[in-house]
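Please read it with the structure open.

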Amino acid sequence: MNGHALVIRGGEVVDHRGRRVADVAVRAGTITAVEPGIDAGPGVRVLDASGCVVAPGLVDLHAHLREPGGEAAETVETASRAAARGGYTAVVAMPNTDPPIDSAAVARQVLELGRHALCDVGVAGAITVGRKGEQLAPMAELADLGVRLFTDDGSGVQDTRLMRRALQYSLALGITLAQHCEDASLAAGGQMHEGTWSSKLGMPGIPAEAEELMVMRDIALVRLTGAPVHFLHLSTAGSVAMVRAAKDQGLPVTAEAAPHHFTLTHAEAESFDPVYKVNPPLRTDDDVAAVKRGLADGAIDAIATDHAPHTQEAKEAPWDEAPPGMLGLETALSLALTELGLPIDAVLALMSWQPARIAGLIEHGGPVAPGRPANVTVIDPAERWTVQPERLASRARNTPYAGRPLVGRVRHTVLRGEAVVVGGEAQR
Amino acid sequence: MKHLLSVQDLGAEGVHEVMRLTDSFVEVSGRAIPRVPALRGKTVVSLFYEDSTRTRLSFETAAKRLSADTMTFSVSSSSVNKGESLRDTVETIEAMGIDAVVVRHKSSGVPWRIASWVNASVINAGDGWHQHPTQALLDCYTIRSRKGDLGGLRIAIVGDVMHSRVARSDVDAFAALGAEVLLVAPPTLLPASLEGWPVKITHSLDEVIGGLDVIYLLRIQRERMTEALLPSLREYRAVYGLTADRLRALRRDALVMHPGPMNRGVEIDAEAAEDERSVITAQVSNGVAVRMAVLYLLLGSGADLVAPPAGDQ
């Protein structure tokens, strides 16, 4: 497949170096030329990019691929197909699988599955054994396999001393710890954001402060240890403000936000449909506005999907028995283009080169330049489409965006020279 | 109206309509044979995922007095314990050919989910901390039968509002009928936000008790202590309980109400429960007539409202 040559013709190339109208020639998995009017020649496949933006492939810092252990909801293969259709050429698999990615053996298994996938699959390792928050996972062993992000995502590391030690230990390895910020005791039993809607609907709430307390603590620990921290899925105005202030002080912190936290609010819970149940929970209009502002002004570095497939049966349970999480890979880019009001290069910074840098994925995130790996996505920023759950490539159907009209869609995705998505459809 | 999920589904006009219908069914209930053919041929299922003998019996009695067929689906003896999902259970029951399902569930919102899956009418018999509309209706009826009208009455709901579906429904119903609603509770037992609630708040029962037309006591559950919401039941009783002492501060014409089951000696002393101002027993007996009214409103054709069943018995 890598031997195939192709030309992406007629688009506008956008990467962190800027914008220019150019065709992109690819051979043997590598970009060979980026210039106007490239002659395809015989036997060279041409991908039409007229009216489109040709960008470095998107990078998702936060995807739950569910394999091993949750194959009824998703596999590495099905998730990667969803990712490719969403414009991603790389995703970072979260370690809360069963068994969790807290050992080299499980990391190797997921990485091996990723070799056959429709996008590159990196893994995040657990910070603690079994994600139990008690004992450090073998981070050096995992780092040797190329693991660059570590997190107990699904829960935060509660023990402050342990988190301090983990950060100190990470300094020797050139890795970044990523935190799911949630004070477990304050959030205990919570089913949705604590506020007007939880009060009205009679559901136990998770106050914004449950997230903010851990953001605050971890910023203090960054100051104490000098080790970097990446904040996962920030959802509150207070969290965004604290991360912004920490950056202003020069502390090595980065942050991501998920599309549902800039497009949906806790009012959705009124339907009691657990498709809207997610953790951190959907928050208020003010929080949504703050997340959008953070994405626009650099307080937040990346849009990450928190793609969390669940089976239909699991989501047809009563709200408080249903698992949290929603699909994200196939809708994230379109939601960002539709809802953020940012120029496309700003959206791409948040979805491609900035997350690639955080994850240490040097083959992704561009630039679109000769000699670089041909990981490219072609986006039609004007295409209008409506989310239809039954048409998603993910094995699961738990998207909260069914029926939502969106503007902007991925047309083609090229993974190391292979056209894995053409005309919006996965090729394998 | 197809379903009764919350008091808001009814609105003030709907609540009034249920009250008027209830008057007729109270009359039916007083007959030697308390039975009318209004829902003959209809099947009503009670689907109780949470134990509640009194509410279930009240609904089943109401359905039988309307000549409906009744089925009971109780979770302890069902396939739910074999791992069947909520949706599968509900669709299986509907496949038996039913007209209404009366749902009680420990999780807020379950009746809404069921209503989205089935064609039958869904009646909420209590969901989590959220709503218990027929309780609110029987409470309104009980107050109305003593006071004539709820307009302008000062009603205090005392206790664990946060965890109470009764409180959420009563607030909506009492306010819809023009009462002034006061929530009396320690801050730990109030919802995090009362924005938009048609209520006033106080933390002192003693300050307000002398001016009340109705005092409505909520049940306190013992696990509230382990959740650090209260120091002790003893302290709760001392500050918020309707004790024999506080009973003396209550007006002569005030009503004492409780949704049951009572914790005597905690939120209500025995003297208060048995005081002549207590209408707690009337609440229970009105429950049947109110539920007849609700079933009739949702399932009835409009005819045969109170005629005795021809040739029956």
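This is a predicted model: local features need pLDDT of at least 70, side-chain atom pairs count only at pLDDT 80 or more; totals for chains, interfaces and linings use all residues.

1. Local features are discussed only where pLDDT is at least 70.

2. The mixed sheet of chain A. Seven strands make an open sheet with mixed pairing. Their order is β3-β2-β7-β18-β19-β20-β21 in chain A. The edges are β3 (18-21) and β21 (425-426) of chain A. Each has a single partner strand, so one side of each has no neighbour in the sheet. Inside the order, β7 (53-56) and β18 of chain A run antiparallel and are joined by four bridges.

3. Helix α12 (332-339) of chain A lies across β18 and β19 of chain A. Its direction makes an angle of about 135° with β19(A).

4. The parallel sheet of chain A. A further open sheet has eight strands, and its pairing is parallel. The order is β8-β9-β10-β11-β12-β15-β16-β17 in chain A. Its edge strands are β8 (58-63) and β17 (302-303) of chain A, and each pairs on one side only. Strand β16 (253-257) of chain A pairs with β17(A) over two bridges. Here A:Ala257 stands opposite A:Ile303 in β17(A).

5. One buried helix face. In α4 (160-170) of chain A, the residues A:Met163, A:Ala166, A:Leu167 and A:Ser170 are buried. Why do they share a side of α4(A)? They cover an arc of only 100° around the axis, which puts them on the same side of the helix. The buried residues of α4(A) pack against α3 (139-144), β12 (176-179) and α7 (208-225) of chain A.

6. Backbone details in chain A. Two cis peptide bonds deserve a look. One joins A:Glu67 and A:Pro68, with omega about 5°. A:Pro68 is in the loop between β8 and α1 (76-85) of chain A. Another runs from A:Asn279 to A:Pro280, with omega near -5°. A:Pro280 is in the loop between α9 (260-263) and α10 (285-297) of chain A.

7. Two positive phi values. A:His233 has phi near 25°, positive although the residue is not glycine. A:His233 lies in the loop between β15 (229-231) and α8 (237-248) of chain A. Is A:His233 buried or exposed? It has 26 C-beta neighbours inside 10 Å, and 20 or more count as buried, so A:His233 is buried. B:Ala228 has phi near 60°, again positive in a residue other than glycine. B:Ala228 sits in the loop between α8 (223-226) and α9 (233-240) of chain B. With 8 other C-beta atoms within 10 Å, B:Ala228 is exposed.

8. Contact between the chains. Here 17 residues of chain A are in contact with 21 residues of chain B. Helix α6 (196-201) of chain A gives the largest share of the chain A side, four residues. That side has six nonpolar, six polar and five charged residues.

9. Domains of chain B. Domain 1 of chain B takes 7-132 and 284-299, and domain 2 takes 133-282. Their C-alpha centres are 25 Å apart. The contact takes 25 residues from domain 1 of chain B and 23 residues from domain 2 of chain B. On the domain 1 side, α1 (7-29) of chain B gives the largest share, eight residues. This side has 10 nonpolar, 12 polar and three charged residues.

Methods
Residues are numbered from 1 along each chain as its sequence is written. Chains are lettered from A and ligands numbered from 1 in the order in which they are written. A residue is buried if 20 or more other C-beta atoms lie within 10 Å of its own, exposed if 12 or fewer, and partly exposed in between; C-beta atoms are placed from the backbone. The arc is that of the directions from the helix axis to the C-beta atoms. Two residues are in contact if their C-beta atoms, placed from the backbone, lie within 7 Å. Two strands pair if DSSP finds at least two bridges between them. Axes are lines fitted to C-alpha atoms, for helices over the stretch in contact, and angles run from 0 to 180 degrees between N-to-C directions. Ala, Val, Leu, Ile, Met, Phe, Trp, Tyr, Cys and Pro count as nonpolar, Asp, Glu, Lys and Arg as charged, and the others, Gly among them, as polar. Domain bounds come from an automatic or database domain assignment.
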